[in-house]
Amino acid sequence: MSTNAKEIDNLVNQTYEAGFYTDIEQEFAPPGLNEETIRFISKKKSEPEWLLEWRLKAYKQFNEMTEPKWAHVEYPPIDFQEISYYAAPKSDEDRPKSLDEVDPKLLETYEKLGIPLEEQKVLAGVAVDIVFDSVSVHTTFREKLAEVGVIFCSFSEAVKDHPELVKKYLGTVVPARDNFYSALNSAVFSDGSFVYIPKNTRCPMELSTYFRMNAMNTGQFERTLIVADEGSYVSYLEGCTAPMRDENQLHAAVVELVVLKDAEIKYSTVQNWYPGDEEGKGGIYNFVTKRGDCRGDRSKISWTQVETGSAITWKYPSCILRGENSIGEFYSVALTNNLQQADTGTKMVHLGKGSNSTIISKGISAGRSQNAYRGLVRVGGSAENARNYTQCDSLLLGDKSAAHTFPYIECKNPSAQIEHEASTSKISDDQLFYLRSRGISQEDAINMIVNGFCKEVFKELPMEFAVEAQKLLGISLEGSIG
Amino acid sequence: MLEISDLHVDVDGKEILSGINLTVKAGETHAIMGPNGSGKSTLSHVIAGREGYTVSRGKIVFNGKSLIDLEPEERAGEGVFLAFQYPIEIAGVNNVYMLKAALNGIRNYRGEKELTSVEFLKLVKSKVKAVGLDESLLNRQVNSGFSGGEKKRNEIFQLSVLEPMLAVLDETDSGLDIDALKAVSDGVNKLRDASRSFVVITHYQRLLDYIVPDYVHVLANGKIIKTGDKELAHALESKGYDWLTDGQESAA
């Protein structure tokens, strides 16, 4: 390694020291999935014995499971022995040397989003010779959070500093054996975020993974755990609008939310991972398990997601509505273009009396893409007067894309009220002609109609996020109508 | 301003307009009347540039420039406006937001500076009064949940903000009660001046009592078969179209 590169590494590691990471040596675990790999990961992260045991147990369960096939997506078989499960930061030889080596389409997108040049380099994975000035931002905001007792740190750090909290809640919402990919994640998860909001505390700011430099390196098996103690509130933002390149094709994250009595978590995601080129080559497989548990009475979880990236998206942010009068909400925009495939939706499991859920799903399919909504509303026998309202709209652009809706409803309590509305429409020539005859270009007109279609979801997003999301849809749709 | 000569237009291989000649000078208002299926709406759509119409022969020249190869938004930029017979609903899109995008689209096309939000709102406030549009409609979704009268008034309001040089009103009177008709006509009349021209397409003479035209043309079977002044409209009102179309056939 050149001296210059070493200096960079030092700088990067410095950031981690001040921030979330401890010292990381430049080392890879050899590809392959076995107990050795898991022990290696755990050791590298200096984890306590109980966590290693937890991982190993998950691995055993993973071995007994088979890959699910029910989603409406197609992809070549994944060889789990080919994947490297512990990837230290990439060496500079493997990275593009400059932006000249990066897919020009990607750069064009960065331009349009107005991302500064230096940030573009980081996002595109170019070996950078500057370090973000994020340390100071990061420190100030951490101090502010500490004042009210909010914990927001990396998962690894939480394991070290708050083991009792992690132990108490980890895997209680998404058990390792929940599904094939959650078992895999539990065995080999790399890092992620941990948030704890103490009793009767309103988190003084929106928590964003943006604040965390290392969000980009948490890699393919991210683990997030957010606990909102009684009477607390937090709004958490995940992801960013810039398309992020990642050499890891398979992403299998797990997100667990725990909401106690009278508490609320608002979880917003804008996901724009590399969808692959126009032929779908090189895109990310995003197989995520996201679930929240409304444990206490009157607790509330609100999921809002805008998904435009990934070659394949397979995720169902869900709510277990255990508490009486607990509330679950799911607002989603999923846009697919070119050869992207998305099978996404939610599960609302009503257990508590008077529990209430709302599902608003907007799917937009362009190009030759496949976009499926899959939703489950289950009302248990104990859920007197449970209510659900589902609205599921699909918008088709062009005539080669497809939209699918798979709603499942299981109701074991006769007092429940469940409503389901669904629509599929095409952008009409009338609408386009109307707007264009007013002086609006075809592209702007399409954006306007699509954004109007998504409005009910966008209004749930925090302000700046909503503005970015609108821009993002426009960019993702470019060239989708000839 | 607008010169249409020998215009032939096909839709799905069927000829709908068969040699239209029409000259509209600056400041003039022309009414186009005619029975159902005579090609009136086709003419308005062809002027505005809707897809699906094939111009097989003839010219549409606007201020010396051929419109035929221009996109609808480019025609708007040149100063053409079409008030729709059935204004389109667009869910989730704010009425004023749409209008601002339209005005700035046109200004961009002309190489003029875009209006800021403040400038734009000022403009809107002044126009909304002039047209008598209920201000609460401004921030509703485009035409969504509007009554028939509100939709038409909204078209005229858009017209007043976009200030085109040529406005084509496609059966703006259809579905309006007499009060709404008066209000819409008032709005149009306020916008009439020496530099702006109107082509008013209608079935009924009634509208022309309020928007008094300089010329009245009768369109039948894809051709203008008679041109006169406003008295022609009165004649049509009492006699219908048959005496003209019959006459045309016997002459042929």
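Modeller: Of the 482 residues of chain A, 49% count as buried. Buried means that 20 or more other C-beta atoms, placed from the backbone, lie within 10 Å of the residue's own; exposed means 12 or fewer, and partly exposed is in between. This is a predicted model: local features need pLDDT of at least 70, side-chain atom pairs count only at pLDDT 80 or more, and totals for chains, interfaces and linings use all residues. Residues are numbered from 1 along each chain as its sequence is written, and chains are lettered from A and ligands numbered from 1 in the order in which they are written.

Biologist: What percentage of chain B is buried?

Modeller: For chain B, 43% of 252 residues count as buried.

Biologist: How many helices and strands does chain A have?

Modeller: Helices (H or I, at least four residues) and strands (E, at least two) are DSSP runs, numbered from the N terminus. Chain A has 13 helices and 19 strands. Chain B has nine helices and 12 strands.

Biologist: Take helix 11 of chain A. Is it mostly covered or mostly uncovered?

Modeller: Mostly covered: nine of its 12 residues are buried. Among them are A:Ile446, A:Met448 and A:Phe453.

Biologist: How do I read a helix pair?

Modeller: Two packed helices are described by the angle between their axes and the distance between the axes. Axes are lines fitted to C-alpha atoms, for helices over the stretch in contact; angles run from 0 to 180 degrees between N-to-C directions. In chain B, the axes of helix 3 (residues 95-109) and helix 5 (residues 148-162) come within 10 Å and cross at roughly 35 degrees.

Biologist: Which residues make the contact?

Modeller: Contact means C-beta atoms, placed from the backbone, within 7 Å. Helix 3 of chain B brings B:Leu99, B:Ala102, B:Leu103 and B:Ile106. Helix 5 of chain B brings B:Gln158, B:Val161 and B:Leu162. By class, that is six nonpolar, one polar and no charged residues. Ala, Val, Leu, Ile, Met, Phe, Trp, Tyr, Cys and Pro count as nonpolar; Asp, Glu, Lys and Arg as charged; the others, Gly among them, as polar.

Biologist: How many residues of chain B are in contact with chain A?

Modeller: On chain B, 23 residues are in contact with 18 residues of chain A. Helix 3 of chain B gives the largest share of chain B's side, six residues. That side divides into 15 nonpolar, four polar and four charged residues.

Notes: Contact = placed C-beta atoms within 7 Å.
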